[in-house]
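Please work through the following exercises with the sequence and the structure in view. Each task is followed by its solution in steps.

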Amino acid sequence: NAPLAELDPEIAAVLEGELARQRDTLEMIASENFVPRAVLQAQGSVLTNKYAEGYPGRRYYGGCEQVDIAENLAIARAQELFGAEAVNVQPHSGAQANAAVLHALINAGDKILGLELAHGGHLTHGMKINFSGKLYDVGAYGVDPTSHRIEMDEVRKRTLEHRPDVIIAGWSAYPRQLDFAAFREIADEVGAKLWVDMAHFAGLVAAGLHPSPVPHADVTSSTVHKTIGGPRSGFILSKEELAKKINSAVFPGQQGGPLMHVIAAKAVAFKIAGTDAFKDRQERTLRGARIIADRLSQPDVASQGVSVLTGGTDVHLVLVDLRNSSLDGQQAEDLLHDAGITVNRNAVPFDPRPPRVTSGLRIGTPALATRGFGDVEFTEVADIIAAALRDGASADVEALAARVAKLTADFPLYSGLQQ
Ligand code: PLP
């Protein structure tokens, strides 16, 4: 029972180092967040010891009376939060949730239609070497080459051409809201099921700041760790008539024993997501993204060939187009990293550069909103990013890093926490 630092100093050093990295930099990867301590506590608990194959009240193992309570709470809270008929909280991750959704809805060889990966779709929506691309007959819709928006005429056209069994609405990199009612109509036109993957914007939906897909979709999947800010994991909402199929697709279809420590942490995250403080955080998330989009659209930056895809954002992220800039995606990511800001390079639609380099950046605000940032701080962050992208190779990185250091010092993260 030696403490980690004694038993395994190498791993203890990684935890320490990572805590320091998170404290001392500005985390702006759109899919990341900082979980509250209560989530860390639930996730780092003895529940990790428990096998609980099956579902509450119907387990294949004894001794599940405590973990049943946790799972039932997670289910009830998600149900209330999203107004869902049925909930499965067992998927280990977003990708596992998505595998279960397709497993439940269709058979190998059937047809799916989702947003093109290079236009902001996810691997699990039909990428060639992902299970979704290998098992199913994949079609895709893209964004409009000029507006960079998903136009419903295009979705309808691709649907009528491909005649999918499942239409997927959802994205990993897209800065606007989707028209779920229009997706529903198009799905009905060809008798397809509608699956919405709200992994990215679920926190905004929970806060009532983004239209909910739940009334329109047959199935809605999500992660818990992006805008919601809970443990790394997934969950699935569905109509009651699909609940049995979804449950058996998750277990035993895709997974064995559920991660009960993570399920307890999901319950905690869903509880927090029902509070006013959570709504305030999501509001600051949205305002922060708008502040960044506005700043990066100003003439000093725009004149250097930097632009904001779709001209702005309705969500928690901004997509920056560097096709006409002196920086490529990799260089811009590295430059911001040197200044202490973590973002990820991201392909823009119709990107001339390879996926490892790209001509874009994806910049997200959820983690900094969780850290406590409001309009004033996001205005400063936006200006630091703008200066870096405007000045490129001649940016004064030291001066920018000093501005970042002031922000991180003013907003301490996990104060007093020891790893
Ligand atoms: N769905 C979407 C839209 C995502 O953006 C992601 C993660 O990036 C996932 C699913 C997969 O989540 P995970 O990384 O937990 O498997």
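The model is predicted: local features need pLDDT of at least 70, side-chain atom pairs count only at pLDDT 80 or more, and totals for chains, interfaces and linings use all residues. Residues are numbered from 1 along each chain as its sequence is written.

**Exercise 1.** State which residues the UniProt annotation "binding site" covers, and how they are spread.

Solution. Step 1: according to the unreviewed UniProt entry, the annotation covers Leu 117, Gly 121, His 122, Leu 123 and Glu 240. Step 2: these residues are spread over 124 residues of sequence and, in space, up to 30.5 Å between C-alpha atoms. Such annotations may be inferred rather than shown by experiment.

**Exercise 2.** Determine whether Leu 117 is buried or exposed, and identify its contacts.

Solution. Step 1: Leu 117 lies in the loop between β5 (111-115) and α6 (131-135); helices (H or I, at least four residues) and strands (E, at least two) are DSSP runs, numbered from the N terminus. Step 2: Leu 117 is buried because 21 other C-beta atoms lie within 10 Å; buried requires 20 or more, exposed 12 or fewer, and partly exposed is in between, with C-beta atoms placed from the backbone. Step 3: beyond neighbours within four places in sequence, Leu 117 is in contact (C-beta atoms, placed from the backbone, within 7 Å) with Leu 123 and Met 127.

**Exercise 3.** Classify Leu 123 by its C-beta neighbours.

Solution. Leu 123 has 17 of them inside 10 Å, so Leu 123 counts as partly exposed.

Definitions and conventions
Contact = placed C-beta atoms within 7 Å.
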